[in-house]
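Please look over the structure shown below before reading on. The briefing that follows takes its helices, its sheet and its domains in turn.

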Amino acid sequence: MSIEKIAAKVEKRYGVRVGVCQDDRSIILSGECNDWNTIVAIGKMFADAGTGKHVVNKITLAGYVEKAERLPAIRDGALDNTDWDVVVIGGGISGCAVARELSRYNLRILLCEKHSDVARGASGANDGMVHAGIDLKHRCNKLRYGVAGNAMYGDICRELGVEFNRCGQYVIFTSKLIKFLAKSTVKRARKHGIPGVTIIGKKQICEIEPRVKDFAVGALYVPSTGVVSPYKLTIAYAENAVQNGVKVSLDTAVLGMKKDGDKVSEVITNRGTVTAKCVVNCAGVFADEIAQMADDEYFTIHPRKGTDLLMDTNASGLPTHCISMGPTLKSATHSSSTKGGGIIITVDDNVLIGPDAIEVPDREDTSTVQSSIDSVFQRQSACCPSLRKNEIIAYFAGVRAPTYEEDFIIERSAKVPNLVHVAGIQSPGITAAPAFAKDVAQITAEYLASCGADVQLKPDFDPVRKAPVCAKKLSDADRDKLIRSDPDFGKIICRCEQVSLGEIKQAINNPLGVHTVDGVKRRVRAGMGRCQGGFCMPLVTQTIANQTGVEVSDVTKDDIGSNIAVGKIKECNR
Ligand SMILES: Cc1cc2nc3c(=O)[nH]c(=O)nc-3n(C[C@H](O)[C@H](O)[C@H](O)COP(=O)(O)OP(=O)(O)OC[C@H]3O[C@@H](n4cnc5c(N)ncnc54)[C@H](O)[C@@H]3O)c2cc1C
């Protein structure tokens with residue numbers, strides 16, 4: 001359908017007059033509308049028109065004042081006048097995995113992350129499911145990299161010292177017709193190279209997961225699905241990159257770029273201006289803004305929020321396997337922008353429920369709202385009715401970064417030759433990262449070599465990152481040995497998660513130099529249990545102060561400015 005016809009259809013359906021123009025890569029939309037979901041729906045109508053072009057959606061929301069981007073409250077010249085072969089923008093799973101894969105080469109690599117730690121965007125607030133890819137369309141990057149990435153998980157997690165559980169997933173059927181129709185899913189999975197997908201009967205699924213016995217007529221078993229801690233994997237990728245010579249600069253936001261001809265020549269940050277031979281854009285929900293900085297805007301990210309709920313580990317009625325509800329007859333005939341979520345048993349044995357998918361105008365809207373909490377619980381508890389809402393101990397929201405074409409963009413720009421985009425990395429981005437990071441590193445290395453650089457694989461690249469000690473997972477004998485060697489491993493600081501002082505010290509002395517309370521939490525789980533840090537936070541804060549030689553009032557929860565203590569209220573003489 002021509003874009004003029006779509007514009008007419010939009011006007012008829014929504015009463016919105018859209019300005020439309022196009023170039024060789026994109027359809028560019030303009031205008032104003034008073035409903036955000038309509039703006040997104042219009043963008044999708046143009047993306048689905050089969051033109052093969054991207055959509056740049058500049059339709060504005062009437063009366064909406066865009067929130068200022070959260071930027072680091074620091075200005076210094078720490079990076080000024082430094083010169084790099086590659087600047088990677090963004091410290092999520094994409095940026096950290098790309099930096100680690102690039103560190104195989106003899107290149108000078110800088111990774112800029114605007115927050116005080118890596119994994120602070122979507123990579124730190126997601127389900128951590130290593131998807132098999134059964135729901136993905138043929139011929140898309142999500143399928144290609146998702147299936148390849150899933151297959152790499154065992155090896156990559158072993159190398160990086162990160163726990164991974166290939167636990168499989170059961171998609172529960174409540175209708176015999178849907179169970180019958182699932183045969184086409186099995187066939188498609190086979191065609192896409194997804195191993196072992198089968199349909200199992202009522203008896204079998206009820207033996208595996210008795211909590212579904214009242215309504216299940218069978219299930220789709222997907223053995224290649226797994227679970228990982230997404231932030232621990234991101235941290236591990238970053239640490240291994242540092243180990244292999246990458247400079248990770250935290251609290252460092254890319255604010256602009258200077259060009260020399262068609263190429264980016266300088267990258268402007270709040271910590272100085274650096275020169276770069278090549279730039280890799282892994283900026284998540286801001287990837288289109290980074291493209292714009294290089295005068296290379298050809299896609300738009302529309303932020304899509306997802307909320308997850310975390311159940312108390314001691315709650316009764318928890319399932320023991322990763323399960324999700326299969327489609328109903330109605331939902332099976334509608335295309336959806338989410339996998340529908342499910343119930344996940346995390347690598348730390350927590351039960352995680354969610355997520356939902358809500359289009360939001362604010363790219364950093366990680367607020368949790370009651371309506372999402374209620375709808376996620378209602379929807380997902382359908383496949384485990386014994387779950388109790390009052391046993392939720394925490395909830396969080398993350399923001400996905402889809403393009404209107406709903407696929408990953410992983411390519412060197414056609415307009416700016418030294419800019420590589422890793423954009424539109426929505427779900428299954430965690431799953432796919434190990435695979436696309438390898439391709440991105442190769443694209444970058446080949447580009448630099450084509451410009452005359454002597455790019456070689458480093459003989460001393462070390463792929464192994466040693467796993468940090470987790471005392472509670474050791475046998476009694478090994479823990480005893482550990483405590484004898486260092487008594488701090490016997491002093492419990494976080495009672496809920498049984499985290500010792502030794503582990504907290506180890507987390508504080510991490511290779512990225514992250515000295516925040518949340519940084520410790522993400523590394524060793526201190527504060528992630530039932531009391532959510534109520535007991536251990538002051539002790540962790542004090543330990544950070546002791547270890548780094550700063551005042552307690554200088555310790556932050558997370559980004560600069562999030563100080564926990566403001567000063568002393570009483571003092572006593574000892
Ligand atoms: C609720 C939810 C559930 C999900 N569940 C799954 C799942 O189960 N399995 C799965 O495979 N995927 C899942 N995903 C998708 C997955 O989380 C993402 O695809 C992945 O984390 C994207 O990683 P990223 O590195 O591209 O982006 P991000 O993790 O968002 O990282 C981008 C980084 O760039 C930084 N940045 C941005 N602008 C700048 C700048 N100007 N200067 C410096 N730094 C900048 C940001 O601070 C951020 O740290 C889920 C996502 C959500 C939201």
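**Helices, sheet and domains**

The axes of helix H4 (residues 141-160) and H12 come within 6 Å and cross at roughly 90°, where axes are lines fitted to C-alpha atoms, for helices over the stretch in contact, and angles run from 0 to 180 degrees between N-to-C directions. H4 and H12 are therefore roughly perpendicular to each other, a label that covers angles of 65 to 115 degrees. This is a predicted model, in which local features need pLDDT of at least 70 and side-chain atom pairs count only at pLDDT 80 or more, while totals for chains, interfaces and linings use all residues. Residues are numbered from 1 along each chain as its sequence is written. Helices (H or I, at least four residues) and strands (E, at least two) are DSSP runs, numbered from the N terminus.

**Contact of H4 with H12**
- From H4, the residues that make the contact include Tyr-145, Met-152, Tyr-153 and Ile-156, and from H12 they include Pro-434 and Phe-436; two residues are in contact if their C-beta atoms, placed from the backbone, lie within 7 Å.
- By class, this contact has ten nonpolar, four polar and one charged residues, with Ala, Val, Leu, Ile, Met, Phe, Trp, Tyr, Cys and Pro counted as nonpolar, Asp, Glu, Lys and Arg as charged, and the others, Gly among them, as polar.

**Helix H3**
- Ten of the ten residues of helix H3 (residues 93-102) are buried, that is, 20 or more other C-beta atoms lie within 10 Å of their own.
- Among the buried residues of H3 are Arg-100 and Glu-101.
- The buried residues of H3 pack against several elements, including helix H8 (230-243), strand S15 (272-281) and helix H12 (429-450).

**The three-stranded sheet**
- An open sheet of three strands has the order S1-S2-S3 with mixed pairing, two strands being paired if DSSP finds at least two bridges between them.
- Its edge strands are strand S1 (19-22) and strand S3 (54-61), each of which pairs on one side only.
- Strand S2 (residues 26-33) and S3 run parallel and are joined by eight bridges, and Glu-32 stands opposite Thr-60 in S3.
- Helix H2 (residues 36-47) packs on the sheet, touching S2 and S3, and the direction of H2 makes about 160° with that of S3.

**Domains**
- The domain assignment of the chain gives five entries, among them domain 2 (70-164 + 231-301 + 401-462) and domain 3 (169-223), with bounds that come from an automatic or database domain assignment.
- The centres of domain 2 and domain 3, taken over C-alpha atoms, are separated by 36 Å.
- Five residues from domain 2 and seven residues from domain 3 take part in the contact.

Key: Buried ≥ 20, exposed ≤ 12 C-beta atoms within 10 Å, placed from the backbone. Parallel < 35°, antiparallel > 145°, perpendicular 65-115°, else oblique.
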